[in-house]
Amino acid sequence: MPVIFCGDTAVPFSAEPHFDAVRPLFDGCSAIVNLEGAILPDCKATEDYRYFDKFSVYSAPVVIEMLKALNVKAVSLCNNHILDFRHPISHTVNLLKANGIASFGLNNHEVLPMEMDGRRMFVVTFATFACEHSLPLFVPSKVVGEVASLRRRNPDALIAIYPHWGREKFYLPDPADRELAHRLVDAGANLIVGHHPHIVQPIEHYKGVPIIYSLGNFFMAQADYAGKTLRFALSEMRNEAVLKWDGENIELIPLLFDPDANTLMPGEPSALDRHFDAIAPDTTPGAYRSMVRKASSITDNAFRTRLFDSDFGERLCYAQRTLFRNVRRAAIKFGAHRPK
């Protein structure tokens, strides 16, 4: 049974999900999604959010029915919104489990064992601090080492990497993410498929292994979340993708999201074409770093770009992002900035 990997998903109380048009795509498959935020029991729980300086993202219990209808067997909780609310996250874990849906990722770097047509499979998730999460800090060397260990102990298994990384609404993957992706392939990964930027990012093949840096959103309802209205202004954010994998071949399936009606539907096949040649195969790390710097703002170059694929680089990213966030918090308090 093939596996379908999906991007960011959230359905708050203020939104009604419409997805019947894509249900046939999931027939005969198991799916994995990134659940962007906890599942809260009622509207009162949405009042108890932790952070005033960001959108507090969550889902209402109706998301369970959508996940079950689309044959979702597992969700990643490894993202920057999963601990936005003080309501115990164990409620989310237990609710998913009671409905036959596995969850993983709260420790920031977890491995989900699965099977695909009798073949052992491991899905590895993690979140870099480029997305300013509240999970334990990501340790790149630890994850690369674990993938290498999985490959040594399971030479015939499938290993898929499912990271939360990159910059929101920025087209190119961060230089450190590209270098890390290549290291993970060298360690034994068969597939890398990411999420978080909310847009589809370039698709690359390294040593024959497909790397989809970001699928874009899956079902990220544009509505009210705990008193703030989430609205993606960029038109390209309507174009999304899911990835179908049978262990050998991938099929990137385009989707289209209507934010006015919160409706998910099939997209145009040609919508994904440009992403396959966005990064030339012979682009060196230095040349790529220069390309990203040129495409980034001064602020992003100083505070928000994850440049160095190392344990030190991740700690540096943490320091830069934390400084930037503290400045942003001060600006919000003095009315000079609104979260968006």
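How many helices and strands does the protein chain have? Colour by secondary structure: there are seven helices and 16 strands, where helices (H or I, at least four residues) and strands (E, at least two) are DSSP runs numbered from the N terminus.

This is a predicted model, in which local features need pLDDT of at least 70, side-chain atom pairs count only at pLDDT 80 or more, and totals for chains, interfaces and linings use all residues. Residues are numbered from 1 along each chain as its sequence is written, and side-chain values use heavy atoms, with hydrogens and water left out.

Next, show the C-alpha trace, which spans about 50 × 45 × 40 Å along its principal axes.

Switch to the surface. The protein chain exposes about 14000 Å², of which carbon and sulfur atoms supply 53%; accessible areas come from the Shrake-Rupley method with a 1.4 Å probe, and for residues only the protein chains shown count as cover. Of the 340 residues, 55% count as buried, meaning under 20% relative accessible area (1.4 Å probe, protein chains only).

Now select residues 175-187, helix α4, and pick out Arg178 within it. Is Arg178 buried or exposed? Arg178 is buried, with a relative accessible area of 4%. Leaving aside residues up to four places away in sequence, Arg178 touches Glu204, Tyr213, Ile279, Ala280, Thr283, Thr284, Pro285 and Tyr288.

Technical notes: Buried < 20%, exposed > 50% of the residue type's maximum accessible area, 1.4 Å probe, protein only. Contact = heavy atoms within 4.5 Å.
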